[in-house]
Amino acid sequence: MDKMPKWADIALIPFINLVLALVVSGLVVLYIGESPWEAMSVMVRGSIGSAYGWGYTLYYATNFIFTGLAVAVAFHARMFNIGGEGQAAIGGLGVAIVCLSVPWPHWTIALLAATAGAAAFGAAWAAIPAYLQAKRGSHIVITTIMFNFIASALLVYLLVNVFRVPGSMAPETARFADPTHLPNAYDMAPWLGFSRSTPLNVSFLVALAACVGVWLLIWRTRLGYEIRAYGHSQTAAVYAGINPLRIIMISMLISGGLSGLLAINSVMGEAERLVIDPVQGAGFVGIAVALMGRSHPVGVFLAALLFGMLYQGGAELEFEMPSVSREMLLVIQALVIMFTGALDNMVRMPVERIFLRLRKGG
Amino acid sequence: MDFATLIQLLDSSIRLATPLLLACLAGLYSERAGIFDIGLEGKILISAFFSASVAYSTGNVWMGLLAGIVSSMVFALIHGVASITFRGNQLISGVAINFLASGVTVVVSDSWFSLGGRTPQLEGSGRFQNITLPFAEQLQGVPFLGPIYHDLISGHSILVYAAFLIVPLTWWLLYRTRFGLRLRAVGENPAAVDTAGISVVRMRYSAVLICGVLCGIAGAYLSTSLSAGFVREMSAGRGFIALAALIFSKWRPWYALMACLLFGLLDATGSLFQNIELLGISVPVQFMQALPYILTVVILAGFVGKAIPPRAGGEPYVKER
């Protein structure tokens, strides 16, 4: 029944999609009057050509792993969680409350507590849309979009009226106390050449652990099997005795919790305070990452790395080619989502035909 | 609140409701034909940019409007190709459209104008001027009705009147013409429409393109009428509020008008007053901004009447083979 080998589905097609997205982005760069080759090499050099670049690339990748896994888990239950942005922002609120309310003696305990706080707040923000989907049939995409906007309004309100440092104009919380400072790459491995201010921190390891955890959950547990079964065929799953309410709730809670975990990287690890927009679009990048990574943790990790390179490379691009603005990476991101997500069949159908013809010939 | 402030508030509500209304009706055509569109925001944004740039370079706002509509239709066509021809996921395509618009508008405007993602200020014939309706000046002195006519009804740009006229037009088109019947049918039961010998693909493409035209007008209104030029991210979530209004109105034109006026009023209240005292409790401005979204969730939850979307919405149509 398979029209083409598995490797073509998980590697060849995403690769062609990516190449198409890059070619179209190259045309945009060409239109602006710069050389796409040069832009590409600036981006690669800027992102992985130095320890400085790696520090930022992996920092961004950490964010994208969390949001990418979040979207991927929901995808397995055939739900589109577009609310990563809001869930991560509320996760930031959880981290801030944990870090500011208790005088933590050591970063390890603080990290454990903050991880729990971030996941709990993120999951809570996903719970209402999940419940409405499961019980009332409200479309989860629309409710999670609405919850993104509600989250951002809530965060602005809390930062301006509740958490703002008295006397300060900036809508942000106080800086977290020193013991909650997470060791960054310089503290952990100075011999690798990272600078003292590198944003890459111990959360990267948490992200890797999350990849393993999601893999175990989806492919090695009964619950994961039920989630996949439900995503594959809802009627068959219900017939097999799987409770849809339970699957929708659990997968969305896990998804929201993973989104919330982004905050331990960006809020606790990097900014060390809660600012007005702690997520900066990473929730949406997660959609692209999950699509490219075919909702598999390994794929998500690789795609997150790629997007980390794009984000750091895009920042370098703005320095070296001032005529290409940083928003170029939004264009690339949009094209990746378009080609891997929506226009997938455009590539898939001809490739399938080629493989069928090869098989007949051989 | 005195009478003059009330008039000012309502006047500003109408101005702010207009882009919502246009985008909401745009979404209505698309979703009634079974194509979900969360890319309204992106189409408004791309049109706002091209309208402002072309209006600036030609000095003619009508050329700007045309450019905006064309750019929005191009984006609508991309959405159509992805979701109708290649049967891709309509939601993902919409997400991509939104990002594409955010990126392209800044990248291209930096390249054209080097103003940090803005276009130069539009002046004179580069903007839609406000129209004074007949006898508005003479009737201004009439108590009560005079100010209503002069300050509230008269004195808007032509696009505002156009937007309000499109509401009855849409109602008529949807419920009183053969095209409208087919459009609605294609969103409910495309197989039946196909059996009747009508092309599902063609119906859906026309709906998506109408959606592009209306989003184009909404974007042009933002940058050439409501403000005088393009600023990055100037659509500021209006596409999503329009989507909320569409659900709030349960995909019906007259209710869409009322939902958009309500959301416009909320927006105007939030920007006119910093603090609102209601029954002795001060309502934060952020709550006013979030209210459209909260109301939509409540409606979606079915606590206040149930919002049922077109049945075939979001599903690509596959002819039996």
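This is a predicted model: local features need pLDDT of at least 70, side-chain atom pairs count only at pLDDT 80 or more; totals for chains, interfaces and linings use all residues.

Q: Where in chain B is B:Ser51 found, and which residues does B:Ser51 touch?

A: B:Ser51 belongs to helix 2 of chain B, residues 40-58. Leaving aside residues up to four places away in sequence, B:Ser51 touches B:Gly64, B:Leu65, B:Ala67, B:Gly68, B:Gly219, B:Ala220, B:Ser223 and B:Thr224.

Q: How is the packing of two helices described?

A: One gives the angle between the axes and the distance between them. Here, helix 3 and helix 4 of chain B pack at about 150°, with axes 9 Å apart. Because the angle is over 145 degrees, the two helices are roughly antiparallel. Their crossing is right-handed. Helix 3 of chain B contributes B:Phe75, B:Ile78, B:His79, B:Ala82 and B:Ser83 to the contact, and helix 4 of chain B contributes B:Gln90, B:Ser93, B:Gly94, B:Ile97 and B:Ala101. By class, this contact has 5 nonpolar, 5 polar and no charged residues.

Q: How many residues of chain B are in contact with chain A, and which element gives the largest share?

A: The size of an interface is often given as the accessible area lost when the parts come together. In terms of residues, 36 of chain B are in contact with 38 of chain A. Elements giving two or more residues to the chain B side are helix 3, helix 4, helix 11 and helix 13 of chain B. Helix 4 of chain B supplies the largest share, 14 residues. The chain B side has 22 nonpolar, 12 polar and 2 charged residues.

Note on methods: Residues are numbered from 1 along each chain as its sequence is written. Chains are lettered from A and ligands numbered from 1 in the order in which they are written. Two residues are in contact if their C-beta atoms, placed from the backbone, lie within 7 Å. Helices (H or I, at least four residues) and strands (E, at least two) are DSSP runs, numbered from the N terminus. Ala, Val, Leu, Ile, Met, Phe, Trp, Tyr, Cys and Pro count as nonpolar, Asp, Glu, Lys and Arg as charged, and the others, Gly among them, as polar. Axes are lines fitted to C-alpha atoms, for helices over the stretch in contact, and angles run from 0 to 180 degrees between N-to-C directions. Angles under 35 degrees count as roughly parallel, over 145 as roughly antiparallel, 65 to 115 as roughly perpendicular and the rest as oblique. A crossing is left-handed if the near helix is turned anticlockwise from the far one by less than a right angle, and right-handed if clockwise.
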